[in-house]
Amino acid sequence: MNRFCFAAVIGAALLISTAISAKTPAKKGPNGTANVPELSPASVGTIFDFSPEAQKAFKENPDNEVYADIFDIVGQGCSFYCGCNIGTIKASSTLHQQGKRNYRASNVHDLNYETAWVEGAAGNGVGEWVEYTLPADNPTITEICVVSGYVRTKKAWEENSRPAVLEMLVDGKRKAMLYLKNVYAEQWFEVGEIKPKKGKDLKIKFVIRDVYPGTKYTDTAISEIYFNGIGVH
Ligand SMILES: [Ca+2]
């Protein structure tokens, strides 16, 4: 995996990550009862701008020709996704389709900022989850990017709820608690090495444990959770 190359791809999407803090050391879990690392983002991207003006400027920049549009996360350039499979996703619940837009689970790993998984349970979504199933030959994951909330527009992001804490389980075991900032930007977590056990699909589950409330709706959205890692280039 060529980290520099991957960074260049993201940078072209106007999302150059700016490290704002060093990796947060792992510490004991809640109340010291479980030895689960509590992680803060190692880096946070620049604030999104998906305004019509930004979309027009993005299209006019020849460097962005490898992208379908401003919402396309990795485009056709080299990235971890040359080797990482999208896999299949299931969710505990899904908000019903409204007009042209749907909120199905697969939206959380379609490498597109415009689409989101939105939970459909009563209340604010605490306890709801999405689970990724990645094939047994998937490369090793070392970083996870969470695009928290419905980021398609700033208004949609503000009006809907977004996770504040995600519990992450790998193959059914608690791996980490991800503490998210309330920011309209990508958030990158360094999670150690996550890889499939020999010959078995890898399951990664994210459970909503706390939320930042939306100004209008109690629906909680995640636009994308995607990966970076090693063993691809
Ligand atoms: Ca998406």
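**View 1. Strands β8 and β11 pair in the antiparallel sense.** Eight bridges join β8 and β11. Strands here are DSSP runs of E with at least two residues, numbered from the N terminus. Two strands count as paired if DSSP finds at least two bridges between them. β8 covers residues 162-170, and β11 covers residues 202-212. Look for leucine 169: lysine 205 in β11 stands opposite. This is a predicted model, where local features need pLDDT of at least 70, side-chain atom pairs count only at pLDDT 80 or more, and totals for chains, interfaces and linings use all residues. Residues are numbered from 1 along each chain as its sequence is written.

**View 2. β8 and β9 form a hairpin.** β9 spans residues 173-179. Six bridges hold the antiparallel pairing of β8 with β9. Glutamate 167 has methionine 177 as its bridge partner, and valine 170 has lysine 173. Two residues lie between the strands.

**View 3. Aspartate 171 sits in the loop between β8 and β9.** The phi of aspartate 171 is positive, about 50 degrees, although the residue is not a glycine. Most residues other than glycine have a negative phi.

View 4. Leucine 111 belongs to the loop between β4 and β5 (117-118). With 15 other C-beta atoms within 10 Å, leucine 111 is partly exposed.

**View 5. Six strands make an open sheet with mixed pairing.** The order is β2-β9-β8-β11-β6-β4. β2 and β4 (88-91) are the edge strands, each pairing on one side only. Glutamate 38 has methionine 177 of β9 as its bridge partner. Elsewhere, β6 (residues 129-134) and β11 run antiparallel, joined by six bridges. Here the partner of glutamate 131 is lysine 205 in β11. Strands of a sheet pair through backbone hydrogen bonds.

**View 6. Leucine 178 is part of the largest nonpolar core.** A nonpolar core is a set of buried Ala, Val, Leu, Ile, Met, Phe, Trp, Tyr and Cys residues joined through C-beta atoms within 7 Å. This core has 52 residues. Which residues touch the most other members? They are Trp117, Ile144, Val146, Leu178 and Ile225. Leaving aside neighbours within four places in sequence, leucine 178 is in contact with Leu39, Val146, Val165, Leu166, Met168 and Phe189. Contact means that the two C-beta atoms, placed from the backbone, lie within 7 Å. In soluble globular proteins, nonpolar side chains tend to be buried together.

Terms used
A residue is buried if 20 or more other C-beta atoms lie within 10 Å of its own, exposed if 12 or fewer, and partly exposed in between; C-beta atoms are placed from the backbone. Helices (H or I, at least four residues) and strands (E, at least two) are DSSP runs, numbered from the N terminus.
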